[in-house]
Amino acid sequence: MSRALIASPLTAEGFAPFGDVLEPKAQPDKIINQGKCGRHHDLAQVDFADGRAGISLFISEARHLPYAVELVERHPEGSQAFVPLDGVPMIVIVAPDEGGTPGTPRAFLSQPGQSINLHRGTWHGVLAPFEAPGQYIVIDRIGAGANLEEHWFDDPYVVTALSTEPEV
């Protein structure tokens, strides 16, 4: 038996309990580089218990609707940011923590120009580029010790549709 999820547009307000939406502001904080570049400054905090920041490239296969969410994971020792390189939207699955296990997941769909930074310890789905393969810069913790917990759902959730209304 599966449980239906509707993916909402990714907004800073709706995603705030789980992480940061990284996207340009209406106006940059500073104009730099001889007046040719707008800097949108300090959009997210990299948060690690120990270790160091690492930058990796992920290349992932496309996902389509209906999209089964069988597994979520979290990284208790560090935040994790995903920056698309090719403008492919992502289905972003996140869930609140309920006593050490994930609660009911929520689904979001990013738009071109949006990236995410997951807070340390946030339950989240696997990388899921929507309708086309995607390439991503991933910024996360590199260090000793385990930094991955997985939870498999007995009954998967299924993203069955996309909403045009953002969650708040």
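Mentor: Gladly. Let's start with the lining of the largest cavity: Phe82, Met90, Ile91, Val92, Ile93, Ile116, Leu118, His124, Gly125, Val126, Leu127 and Ala128. This is a predicted model, where local features need pLDDT of at least 70 and side-chain atom pairs pLDDT 80 or more, while totals for chains, interfaces and linings use all residues. Residues are numbered from 1 along each chain as its sequence is written, and side-chain values use heavy atoms, leaving out hydrogens and water.

Trainee: Next, arginine 74. Why is arginine 74 called buried?

Mentor: Its relative accessibility is 13%, and buried means under 20% relative accessible area, with exposed over 50% and partly exposed in between (1.4 Å probe, protein chains only). Arginine 74 is therefore buried. Its place is in strand 6.

Trainee: How do you know that glutamate 149 forms a salt bridge with arginine 74?

Mentor: The closest N and O atoms of glutamate 149 and arginine 74 are 3.0 Å apart. A salt bridge asks for a side-chain nitrogen of Lys or Arg within 4 Å of a carboxyl oxygen of Asp or Glu, so the pair qualifies. Glutamate 149 lies in strand 15 (residues 149–162) and arginine 74 in strand 6 (residues 67–74), so parts 75 residues apart in sequence are tied together.

Trainee: What makes the link between the side chains of arginine 74 and aspartate 97 a polar contact?

Mentor: The distance is 2.8 Å. A polar contact is a pair of N or O atoms within 3.5 Å, one able to donate a hydrogen and the other to accept it; residues adjacent in sequence count only if both atoms are side-chain atoms.

Trainee: What makes aspartate 50 and arginine 141 a salt bridge?

Mentor: Their N to O distance is 2.8 Å, and the pair passes the salt-bridge rule. Aspartate 50 sits in the loop between strand 4 (37–39) and strand 5 (52–60), and arginine 141 in strand 14 (residues 134–142), 91 residues apart. Arginine 141 is buried at 7%, whereas aspartate 50 is partly exposed at 39%. Lysine 25 and aspartate 29 pair as well, at 2.6 Å, and the count for the structure is 5 salt bridges.

Trainee: Which residues touch the most other members of the largest nonpolar core?

Mentor: Tyr67, Val69, Ile91, Ile93 and Val159, out of 16 residues. A nonpolar core is a set of buried Ala, Val, Leu, Ile, Met, Phe, Trp, Tyr and Cys residues joined through side-chain atoms within 4.5 Å. Strand 1 (3–9), strand 6, strand 8 (91–95), strand 11 (106–109) and strand 15 each give two or more residues to this core. A second, separate core of 15 residues includes Phe15, Phe82, Phe108 and Ile116.

Trainee: Why is glycine 78 called buried?

Mentor: Its relative accessible area is 2%, which means buried under the 20% limit. Glycine 78 lies in the loop between strand 6 and strand 7 (80–84). Apart from neighbours within four places in sequence, its contacts (heavy atoms within 4.5 Å) are Asp47, Phe48, Arg120, Arg141 and Asn147.

Trainee: And what makes the phi of aspartate 42 worth a look?

Mentor: Phi is near 55 degrees, a positive value in a residue other than glycine. Aspartate 42 is exposed at 62%. Glutamate 131 likewise has a positive phi, about 70 degrees, without being a glycine, and is exposed at 52%.

Terms used. Helix = DSSP H or I, 4+ residues; strand = E, 2+ residues; numbered from the N terminus. 1 Å grid on protein atoms, 1.4 Å probe; cavity = no way out; pocket = protein on both sides within 12 Å on 5 of 7 lines; lining within 4 Å.
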